[in-house]
Amino acid sequence: MRRILVVGSSGAGKSTLAGELARRLDLPLIHLDRHYWRPGWTAPEPADFRAEVASLAARPAWVMDGNYAGTLDLRLPRADALVFCDPSRILCLTRVLRRRWLHRATSGAARSGRTAGMQGRPTSDAAGSGRAASEAPTSRPDLPDGCPERIDLDLLRHVWRFPRHSRPRLLAAVAAYAPTIPVHRLGGPRDAARLLDRLA
């Protein structure tokens, strides 16, 4: 397999699993969130994003994670295998909340370190370059700069409704665009571990 598509709800473990698959199989890793979001969580024009995804999918090898249902018609026909991370919504919600808490803890520590490091230094713009002390760092490697970890009711609602709303649309897209693709459906960490052992 040279092209593996990883999909699933927020908090399902897509990005972590995709990174491990890419590492073990020595394949390029593509986090679609990094290509979709602009600084400040600004969405691109749909046509521009579809063009970029088409270019990414045309590459000879990749592990690509991300749902983006509007581009499944471009990616599914190119994929050699689909990995569907499909744990319970309770587990997904727990992971979403936990990573937000971890982000607050790590970003708070980083801000404290930067504040301590700035003591005794000039405060003018000429004092240096780089990220401002008050700017929150990007929390995850699958997110672009300028998009720090966040959580809101829309995200939590999306996770809760994923089994009823998003899962059927995803499976319908598989049936429509790649009916013969091998599908690896993972219900939790043990399934993910078995898949990694089998594929890598």
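Trainee: Which exposed residues are carried by the face of helix 7 turned away from its buried side?

Mentor: This is a predicted model, in which local features need pLDDT of at least 70 and side-chain atom pairs count only at pLDDT 80 or more, whereas totals for chains, interfaces and linings use all residues. Residues are numbered from 1 along each chain as its sequence is written, and side-chain values use heavy atoms, with hydrogens and water left out. Helices (H or I, at least four residues) and strands (E, at least two) are DSSP runs numbered from the N terminus; buried means under 20% relative accessible area, exposed over 50%, and partly exposed in between, with a 1.4 Å probe and protein chains only. The face of helix 7 turned away from its buried side carries Arg-190, Asp-197 and Arg-198.

Trainee: Within what arc do the buried residues of helix 7 fall, seen down its axis?

Mentor: The buried residues of helix 7 are Ala-192, Leu-195 and Leu-196. They line one face of the helix, because the directions from the helix axis to their C-beta atoms fall within an arc of 100°.

Trainee: How many residues does helix 6 give to the lining of the largest pocket?

Mentor: A pocket is an open set of points on a 1 Å grid over the protein atoms alone, where a 1.4 Å probe fits, with protein on both sides within 12 Å along at least five of seven lines; lining residues have an atom within 4 Å of a point. The largest pocket has a volume of about 1,400 Å³, taken as the space filled by probe spheres set on the points, which are joined across faces, edges and corners. Of its 48 lining residues, the closest to the centre are Ser-9, Ser-10, Gly-11, Lys-14 and Arg-99. Helix 6 gives the most to this lining, and its count is seven residues.

Trainee: How many residues apart in sequence are the parts tied together by Phe-49 and Tyr-68?

Mentor: Rings of Phe, Tyr and Trp (its six-membered ring) pair if their centres lie within 6.5 Å, and planes under 30 degrees apart are stacked, over 60 edge-to-face and the rest tilted. Phe-49 and Tyr-68 form a tilted pair, at 5.2 Å centre to centre and 55° between the planes. Phe-49 lies in helix 3 and Tyr-68 in the loop between strand 3 and helix 4, so the separation is 19 residues.

Trainee: Which residue lies over the face of Trp-160?

Mentor: A charge sits over a ring if NZ of Lys or CZ of Arg is within 6 Å of the ring centre and within 35 degrees of the ring normal. At 3.8 Å from the ring centre of Trp-160, the residue is Arg-89.
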